[in-house]
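The tour starts at a helix and its cover.

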Amino acid sequence: MTTNKSPEKPRHIDARVNRIGIDDLITAFGAPDGVHDLATLRAFVGGRLRRPAWPLPEWTDAIRSTPAADTVLADAAPLLTGVEVTGREHGRSRRYGFHYLNWLSPGVHAWLLTGDDQYLHAFEQHFDDWVEQRDSVTGEWPGLDVIWYSLGTWARCRSFLPTLEVLTDSALSDRVWGRLVVTLVGGARWAYDEHDVFRHGNWQLVCATELLHISAVLPDLMEADSWASRARQRIDEHLLLDVYGDGGHYERSPGYHKMCLSALQTAAMIDSRFAEHPKLTAMHDWLCELVSSGGWIPHLQDSHIEWPALSLLRGSYVLDNPLLARIAAQWLSPEAFATEAAALPAWADAARQQRWMDTVATAYDHKVPAPPPSTVLADSGYVVLRADELRAVINYGPHIEHELESHSHRAVLDLVLDGWDQPLLWEAGGPPSYDDPEYLTWYQSGRGHNTVLVDDQELGTDRGVSIEPLVDTGRVAVFTGRHRGNVVPQSRTVTMVRQEPAFVVVSDSASADGHVFRACWQAISPWRQVGSLAYDASAPDGPGLLLVEVGDAETTEVASTEGVARRPLAGGVADYGPLHSLVLTRDSGVFTTVLVPHEGAQPADVRVTALGSSLTVDHGNTVDRIDASSWVRTVGGLLSWATGWRVRELRDREQVLFRSAAEVDVEATVVEGGLRLEVTCAGRCGLRVPHGRGLLLNGVSITAESDDEGWAHLTLPYAGRWIVEGARHD
């Protein structure tokens with residue numbers, strides 16, 4: 001929702017920022033002896049300039065004769081024909097981004113790659129024109145200057161500091177060189193004045209890192225020490241208050257998280273204290289938790305689809321952590337890996353440089369540990385459930401404010417699924433531009449997510465989410481949450497069975513009458529009906545997702561609509577395409593949805609039936625019986641395994657497999673004709689199991705008292721996970 005409040009301090013743009021003359025600039029450098037004009041200042045700065053965090057010469061040498069070099073030349077081509085430098089043809093939000101001047105950088109990059117001065121002259125002309133006209137540019141966001149605001153000063157500094165290193169000793173005119181420096185100095189002065197107190201969000205954090213960066217690259221500036229001091233203070237505060245304990249960034253968006261992580265990597269290159277901060281390590285780990293087997297992270301909370309491999313490789317370099325490079329290598333070709341590694345400057349510390357070279361040389365030789373079966377990012381509000389080929393990411397986090405507009409989507413307890421490296425259940429994600437007319441009504445709206453809407457109202461910002469502790473018995477994982485963001489209290493349970501055939505059951509409920517409930521399910525392939533309340537969305541060659549809704553087809557209205565969303569493609573890119581919505585409407589908030597993924601283009605023959613609160617999913621030879629707190633699987637009519645969570649009893653049809661004096665999590669399997677029970681208890685607990693010969697408790701032979709009904713009585717002495725073997729199974 002748009003706010004009318006200015007996102008930054010009242011205007012503080014004066015001559016110190018945008019009217020810095022030659023004498024002012026010389027004074028800013030302390031009026032060194034012998035410096036009296038731009039030429040002598042340029043010579044002075046050139047002799048004392050320190051290297052930026054990510055220098056261009058190494059990068060251009062690394063990409064030379066690669067497809068990346070071709071991309072640079074293609075991006076630089078428009079500069080040779082002319083660019084309208086005010087950005088007047090761009091929309092409200094895009095006009096701000098245009099003045100980050102990222103479009104200018106390919107001119108310098110192409111010049112470095114080719115040595116062709118036409119690219120340098122094009123950069124010079126367009127930058128000079130921009131300086132001449134920038135003060136005439138106005139924006140449409142109240143209280144937010146197009147040029148002098150946090151993201152503008154950050155982005156130009158990030159781009160121009162590496163540029164300054166290579167252009168100081170070049171054919172660039174003294175006049176334009178001076179304009180480049182005063183743009184940097186003016187931006188730093190503005191940022192120093194703006195960020196005198198802590199403020200949540202990505203704007204201040206990234207701006208502070210570049211304030212530190214310029215102070216390190218141009219240490220002779222009289223204000224450099226004060227800039228560095230303020231920058232360090234703000235960065236410390238953001239690491240404390242703006243990075244969660246689980247490593248996620250405050251706004252919960254993978255895209256903005258990666259943007260802030262990149263900025264903090266720059267800070268760590270300048271001050272090793274930040275490289276040693278545990279929150280920076282946690283931020284890299286956060287990416288590893290959310291990345292799919294295909295190497296991408298879903299576009300949650302206004303994010304783009306993110307491929308974190310290069311960020312993780314750079315993190316390996318910054319943190320001196322070989323594991324991050326090995327993880328990155330999973331999704332990078334050896335050529336791409338080597339190119340990125342070669343673009344990073346050599347460490348002055350010979351021992352550390354050798355460790356980095358060893359990391360690069362051996363990254364593909366090491367097996368990366370498998371991710372855990374489930375992950376709870378409790379502060380960020382995400383749960384990840386994993387099977388061999390199936391993964392669910394569930395969002396239960398809060399609505400987060402932002403400097404300008406919240407990036408929090410109007411959905412909670414929503415989820416996405418992926419399998420075989422492809423999205424199966426997807427969502428609208430982030431827009432092409434925040435000027436998109438459907439930004440609020442589709443991309444942020446609950447309509448574009450896998451959630452249940454109430455009366456077609458948007459989710460409120462006060463969601464009141466509560467969740468139960470995640471249950472993970474090994475074969476089955478269960479997430480349960482509740483919220484009141486739609487006024488009507490709603491709950492959702494997501495249960496994943498991992499053993500093949502792996503699938504997910506989503507149970508929604510809301511105890512309220514007089515409302516209209518719409519369950520929305522999104523896929524990148526069109527939904528086609530394959531049975532009563534059964535629909536399949538499959539790519540031409542697979543994979544696909546079968547959706548079966550339990551309930552009365554006569555009282556369920558079904559509709560299909562279409563929106564737009566990015567989808568991940570090979571090579572670390574994404575494009576926009578149709579997102580197909582299946583919408584099931586009822587006057588009851590109760591939905592039970594079975595989601596069965598399949599690798600091929602055709603779904604398996606699956607029959608779903610309900611009897612009271614029990615659900616049976618029949619795959620043919622394999623049958624699953626699911627209750628509110630238990631899951632039993634039979635194969636060929638015989639028990640394969642059974643599991644229960646927070647239960648006192650577990651049954652296989654009419655046979656009771658075990659009883660407990662307290663609520664426990666339990667998994668039962670048949671081993672050599674007997675029962676093997678894995679029980680997790682919260683404290684001392686009595687059990688009864690079918691009497692058998694040779695009972696073992698965690699491998700220790702025990703004597704258990706038996707009763708007349710054939711039960712053996714034993715005690716779990718304290719909290720923990722226990723294995724009982726040798727119980728009878730008929």
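Select α12 and what covers its buried residues: that cover includes α10 (174-194), α11 (202-217), α13 (254-270), α14 (272-275) and α15. Contact here means heavy atoms within 4.5 Å. Helices (H or I, at least four residues) and strands (E, at least two) are DSSP runs, numbered from the N terminus.

This is a predicted model: local features need pLDDT of at least 70, side-chain atom pairs count only at pLDDT 80 or more, and totals for chains, interfaces and linings use all residues. Residues are numbered from 1 along each chain as its sequence is written, and side-chain values use heavy atoms, with hydrogens and water left out.

Now colour the buried residues of α12, among them Trp227, Arg230, Arg234, Glu237 and His238. Buried means under 20% relative accessible area (1.4 Å probe, protein chains only).

Next, go to the loop between α12 and α13 and pick Arg252. Its phi is positive, about 70 degrees, although Arg252 is not a glycine. Arg252 is buried, with a relative accessible area of 1%.

Move on to Asp302, in the loop between α15 and α16 (309-319). Here too phi is positive, near 65 degrees. Asp302 counts as buried at 4% relative accessibility. Most residues other than glycine have a negative phi, and most peptide bonds are trans.

Two prolines come next. Pro501 sits in the loop between β10 (490-497) and β11 (503-509); the peptide bond from Glu500 to Pro501 is cis, with omega near 0 degrees. Finish at Pro543, in the loop between β14 (534-538) and β15 (544-550). A cis bond joins Gly542 to Pro543, with omega about 0 degrees.

Terms used
Buried means under 20% relative accessible area, exposed over 50%, partly exposed in between (1.4 Å probe, protein chains only).
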